[in-house]
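Keep the sequence and the structure in view while reading.

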Amino acid sequence: MAPTPLASVLFVCVHNAGRSQMAAGFLTHLAGDRIEVRSAGSLPGDQVNPAAVDAMKEVGIDISTARPKVLTTEAVQASDYVITMGCGDACPIFPGKTYLDWALDDPAGKGVEAVRPIRDEIKHRIEALIAEIDDQAKPQ
């Protein structure tokens, strides 16, 4: 039987094709089954940004099978953390959730060279998020 996750995190951006997919890929890779991971978009695209896929492959994470998903109220309700990345007012707000807004450049239409710094910033923020979740899970 799998252990109960310490927390559930939902990453949201408009198209669910770049930033939120990279964030979900990093969190899944770095936290394993300790943290439940979701991603969605307010207006999901047709596919994950190929430059984001390539940038993640460079660091050993394969998000090539990921597909953009529509943001649902249920996904927000089921998450402890809701991290928005430029989705504006489209994200529903529920009490008791931790909301974070990560201001990150949009990788849409950019080549892998331009996506690398966005990827690296996302990794840095994911590492800090994991540390925060682990710290909150410790007995007080």
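The sections below describe a helix, then a strand and its partners, in a predicted model.

## Helix 1: length and end

Helix 1 covers residues 19–31, a run of 13 residues. From its first C-alpha to its last it reaches 18 Å, close to the 18 Å expected at 1.5 Å a residue.

Just after helix 1 comes Gly32, which has a positive phi of about 60 degrees.

## Helix 1: what covers it

Helix 1 is mostly covered, with 10 of its 13 residues buried. Here buried means under 20% relative accessible area. The buried residues are Arg19, Ser20, Gln21, Met22, Ala23, Ala24, Gly25, Phe26, Leu27 and Ala31.

Which elements cover these residues of helix 1? Among them are two strands, strand 1 (7–13) and strand 2 (35–41). Helix 2 (50–57) and helix 4 (112–137) are also included.

## Strand 3: two faces

In a regular strand the side chains alternate between the two faces of the sheet. Strand 3 spans residues 81–84, and both of its faces are covered. Tyr81 and Ile83 lie on one side, while Val82 and Thr84 lie on the other; all are buried.

## Strand 3: its partners

Strand 3 runs parallel to strand 1, and four bridges join the two. In this pairing, Leu10 stands opposite Val82 of strand 3.

Strand 3 also pairs with strand 4, residues 98–101, in the parallel sense over four bridges. Here Thr84 stands opposite Asp101 of strand 4.

Notes:
Residues numbered from 1 in each chain as written. Predicted model: local features only at pLDDT ≥ 70, side-chain atom pairs only at ≥ 80, totals over all residues. Heavy atoms only, no water. Expected span 1.5 Å × (residues − 1). Buried < 20%, exposed > 50% of the residue type's maximum accessible area, 1.4 Å probe, protein only. Contact = heavy atoms within 4.5 Å. Pairing = 2+ DSSP bridges.
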